[in-house]
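I opened my notebook today to get to know a new structure. Come along, and keep the model in view while reading.

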Amino acid sequence: AGDLEGALADAAVALERAPQDPAALTERARIYAARAEWRSASRDLSAALRATPPARAAARADLLARRAWAHLALEALSEAEQDAERALELSPRLARAQLARAELHRRGGRLGEALRLCEQVLAAAPWDVDANAIRARVQLAQGKRAAALASYQEVVELVPARAEAWVELALLELQLELLERARAHFARALELVPDQTAWRLELSRLLERQSDLEGAFAEAVRAAELAPRSADAHARVGQLARFRDDAQRAERAFAEALALDPTNKNALLDRATLRVDRGQLDAALTDYRALTERHPRFAAAFMGQGYALERRGRPGDLELAERSYRRARELAPRNALNVSNLARVLQARGRLDEAERTFGEAIQLAPQRAGLRYNRGALRSARRQHQAAIADYRKALELDPRHIHSWANLALAQQALGRPAQAEATLQHALGIDPRAASLWGYRGQARAAQGKLRGAISDYERYMQLLPKNDPMLPRVRAEVARLRKLLAR
């Protein structure tokens, strides 16, 4: 009936009467799994295994297969593989264990083996939701999108009351960017099982992708209320509170998540990011250090650590940042942002040739990202390679005509080549896009002054000063330049 809180209370009563009862422990593990409390589920399944005698081979096989799925949810793949193998030794045709092995094959890229196991299960039970789900994921990885959708649709037609089938269909639709359909199917599943925490968290992520932050936050809060011991739910609340600029709520939610699970990587990563945003760099680096120690293959942790070290800027921090970015690149070599970050820190360390080559590698990985072209152009400008820089800025503007930094740097490169009239025209166009970009007025003032257009230059500088913060360190210099131009104009 979807009342997971009531079911959990009933299971607790049963375990008070018989603390080592395998059936009661297994039932509570199932409830924990429905609430996405995977560590609690794994703990109860381990207790149930200890309480189940070796003579009950089929029961032990089922418990091992269930624990393999809990390990999969926790990304503990070697433990999942061990449990699946032991389950199949005890019960070679156990579907749950066969499918755990199929999922391991899928994650390891052994798609043919994964598909073979799914088909084997489906031959005996064509309505099996997990088998259809894994088969569809394999088909999607093989580029067979229509076949993947058909696999799920078969299940929801066969068993329309199976909420899990609607969720698996919605998850596939998410991958295919069919967001409205996915949203409707998540809603259908939650009508059938309202208290399913993991599904509410998926719906929250979908709503975020649709830019509905309030809806996403409400679903995350509801998930945390339904499963107060789910670290993932509290971590999600914290993440969305950060996006809503509610730093206090975010810190509180992350603390709740980490009290439940000190190794929760989402809570640690998002709390570290929040602390970087707030300038608490030492505290952020403590979180990143914990992350990289507990999750040594988590590329995002090394990338964040590198950025925090760059921001802190103490002696030796740039060297440490380079190491972090190199590790992130090793773990995720196709991620252009990792490569670009490495290039940026190489530039800061004065290794300009290596930095330029590395920016080129990032551009090859993501040729449609305007920011990467801009970054290489800025490096080339710093090396006085102004013609090459202009080529990069123009390419960035082809990709994103509203990239204001590229317009500004294009004008500066034109000015450096002795073309102030071109620079003025470039800045005139850029100001049509964003008239509140203070730097554009300052740069156009320079271009006009270089052409002897003193009144126009003074007017631009005055507008520049109006847009700058009152304590900006540039103000005294700009005032001095305006005074100089007024004296020239008075002659």
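Below are my entries, one for each thing I looked up.

**Entry 1: before starting.** I reminded myself that this is a predicted model.

**Entry 2: helix H15.** I began with H15, which runs over residues 247-260. How far apart are its end C-alpha atoms? I found them 20 Å apart. At 1.5 Å a residue, the 14 residues of H15 should span 20 Å, so the two values agree.

Next I asked which residues of H15 are buried. My list reads Ala-250, Glu-251, Ala-253, Phe-254, Ala-257 and Leu-258.

What do the buried residues of H15 pack against? I traced them to helix H14 (231-243) and to helix H16 (265-277). Turning to the other side of H15, I noted Gln-248 and Ala-259 as exposed.

**Entry 3: the second largest pocket.** I looked up its volume and wrote down about 210 Å³. Which helices each supply at least two residues of the lining of this pocket? They are H16, helix H18 (299-312) and helix H20 (336-348). H16 was already in my notes, as a packing partner of the buried residues of H15.

Among the lining residues I picked out Leu-269, Tyr-288, Met-303, Asn-341 and Arg-344. Sorting the lining of the second largest pocket by kind, I got seven nonpolar, three polar and two charged residues.

**Entry 4: two loop residues.** I then noted Glu-75, whose phi is positive, near 60°. Glu-75 lies in the loop between helix H4 (57-73) and helix H5 (77-90).

Arg-384 also went into the notebook, with a positive phi near 65°. Where does Arg-384 lie? I located Arg-384 in the loop between helix H22 (370-382) and helix H23 (386-399). Is Arg-384 buried or exposed? Its relative accessible area is 71%, so Arg-384 counts as exposed, the cut-off being over 50%.

**Entry 5: Ala-449.** I ended with Ala-449, which has its place in helix H26 (residues 438-450). Leaving aside neighbours within four places in sequence, I found Ala-449 in contact with Ala-457 and Leu-485. I also checked Pro-420, which is 29 residues from Ala-449 along the chain. The C-alpha atoms of Ala-449 and Pro-420 are separated by 8.9 Å.

Key: Residues are numbered from 1 along each chain as its sequence is written. This is a predicted model: local features need pLDDT of at least 70, side-chain atom pairs count only at pLDDT 80 or more; totals for chains, interfaces and linings use all residues. Side-chain values use heavy atoms; hydrogens and water are left out. Helices (H or I, at least four residues) and strands (E, at least two) are DSSP runs, numbered from the N terminus. The expected span of a helix is 1.5 Å times one less than its number of residues. Buried means under 20% relative accessible area, exposed over 50%, partly exposed in between (1.4 Å probe, protein chains only). Contact means heavy atoms within 4.5 Å. On a 1 Å grid over the protein atoms alone, a cavity is a set of points where a 1.4 Å probe fits but cannot get out, and a pocket is an open set with protein on both sides within 12 Å along at least five of seven lines; lining residues have an atom within 4 Å of a point. Grid points are joined across faces, edges and corners, and a volume is the space filled by probe spheres set on the points. Ala, Val, Leu, Ile, Met, Phe, Trp, Tyr, Cys and Pro count as nonpolar, Asp, Glu, Lys and Arg as charged, and the others, Gly among them, as polar.
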